[in-house]
Amino acid sequence: MTSTSATQPHQLTALETAAAIRAGELSALEVTVASLERAERLNDDVGAFVLLAHERALTTAAVLDANPRAAAGQPLRGVPCPIKDLTLVSGLPCRAGSPALDDSPVPFDDGAVTLLAGAGSVMTGKTAMPEFGLPCYTEPEGQPAARTPWDLARGAGGSSGGAAAAVASGIVPMAQGTDGGGSLRIPASCCGLVGLKPSRGRVSPGPHAVDGVALWTHGVLTRTVADTAVALDVLSRPWPGDQFLLPDPSTGFLAGLDQPSGPLRIGVLTRPSNVDATVHPACLRAADRAARVLEGLGHHVDVAPAPYAVERWAAFIDLWSVMALAAPVPEEREHLLRPLTRWLRDHGREVAGLAHATALADAQQLTRDVAATWADFDVILTPTLAQPPARVGELRHDDDPERDFWHQAEFTPWTSTANLTGRPSISLPLHREVVEGRELPIGVMLTGTLGQDDVLLRLARQLELADPWPALPVECPR
């Protein structure tokens, strides 16, 4: 572990933070105070938080410090870990990035919040997100845009953009988020972080929420593969009534990271999957860099075929728009919704019962077809995004919400395939490149086979060791 005598708390990973607290080198209260102070200082610049829970966080930290005997069962002891404002935290409002919802406190915690708290983490606040998590940028009404600390003129991505901004700027080492179409992996790429969308059935939405069309899942944003693995150990607990269940690896995800494994078959795909889009040369170079490192590690690398024809992605549009329509917006507050949300909800109203059933069936058939198309590969490598981090406002088109939607699709042409098919998928900050005078992170994405999250994490760990990335931007805000 990095010595805390030479390292500030904001430079530590989640596992390093927990280890320092267990060893008595730091207290949970010291770490929490430092995190809250840094959040206060930087939030106007990076737009990470919509709410800081000072009293709650400080009380939690003090209780942890007063009960050192509980440390053995708490792998995230004292680790500041805010919660995305789409996830319920008892006693706090959950506005999901929308002015159409009120700020009444909710009565209970979502399961992910319960599990993270049980692991010893400290909930420091609610992180920013776009309205209902629908856009891939985080520019909520009445709030600062979430920005990547690599270049404050550019967005942090979305929809877990506030979470990514908090981790990448050193406010916290880990932040909870969700991923329904790329919402962890997109901001991971924009902010130089690790973002894993687990397999469908790996992380339950329970005990209160249900799977629905099963596109989304809880997860975290971190700076290291090990931190992501320990979070998956914490979150991958089933709740009664789960419809999708996967067995955990016998060793646990963190313990299994360095287990030996034979060479994998890696398929490289740089052609956009869901829309015709131009891919920036930096993103192509990122994928090529990852492929060369993987070959050097002894893996078999070859070109992968496109998983499906572009027009077959229509199932995602129908399912996504019905999800937007399902948001609990009172009729008298519909006018407060932003244009993109209204456009998606209008589209959702046009998806009748039979059309929705057909979209579900099409997504399930797509899952079978993708499995057959990629049967010769263990993992598919793509760029995470088709472009470097976008400038704030660049993807947003309030005067033409349909264009807004398709502009986003062109920016994120690979991420939603894993949501449709349930496969695990991880973005890694392997590459950096100077774009318009600023060094920016360029993510690469590995998408595995359903249920093989452990295989994907081991491969990600191998890449991290072979070609390490910086823990924080060189010019990280102070």
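Because the model is predicted, local features need pLDDT of at least 70 and side-chain atom pairs count only at pLDDT 80 or more, while totals for chains, interfaces and linings use all residues. Residues are numbered from 1 along each chain as its sequence is written, and side-chain values use heavy atoms, with hydrogens and water left out.

**The whole chain**

Of the 478 residues, 60% count as buried, a term for under 20% relative accessible area, with exposed meaning over 50% and partly exposed in between (1.4 Å probe, protein chains only).

**Helix H8**

Next select residues 281-296, helix H8, whose end C-alpha atoms are 22 Å apart, in agreement with the 22 Å that its 16 residues should span at 1.5 Å a residue (the expected span is 1.5 Å times one less than the number of residues). Among its buried residues are Cys 283, Arg 289 and Leu 294, and the buried residues of H8 pack against elements including strand E9 (379-383), strand E10 (425-435) and helix H14 (453-466). Just after H8, look for Gly 298, which takes a positive phi of about 100 degrees.

**Helices H10 and H12**

Now select 339-350 and 401-411: helices H10 and H12 pack at an angle of about 90 degrees, with their axes 8 Å apart (axes are lines fitted to C-alpha atoms over the stretch in contact, and angles run from 0 to 180 degrees between N-to-C directions). On the H10 side the contact is made by Pro 339, Leu 340, Trp 343 and Leu 344, and on the H12 side by Pro 401, Glu 402, Asp 404, Phe 405 and Gln 408, where contact means heavy atoms within 4.5 Å.

**Arg 22**

Finish at Arg 22 in helix H1 (residues 14-22), a partly exposed residue with a relative accessible area of 42%. Leaving aside neighbours within four places in sequence, Arg 22 is in contact with Ala 71, Gln 74, Pro 75 and Arg 77.

Key:
Helices (H or I, at least four residues) and strands (E, at least two) are DSSP runs, numbered from the N terminus.
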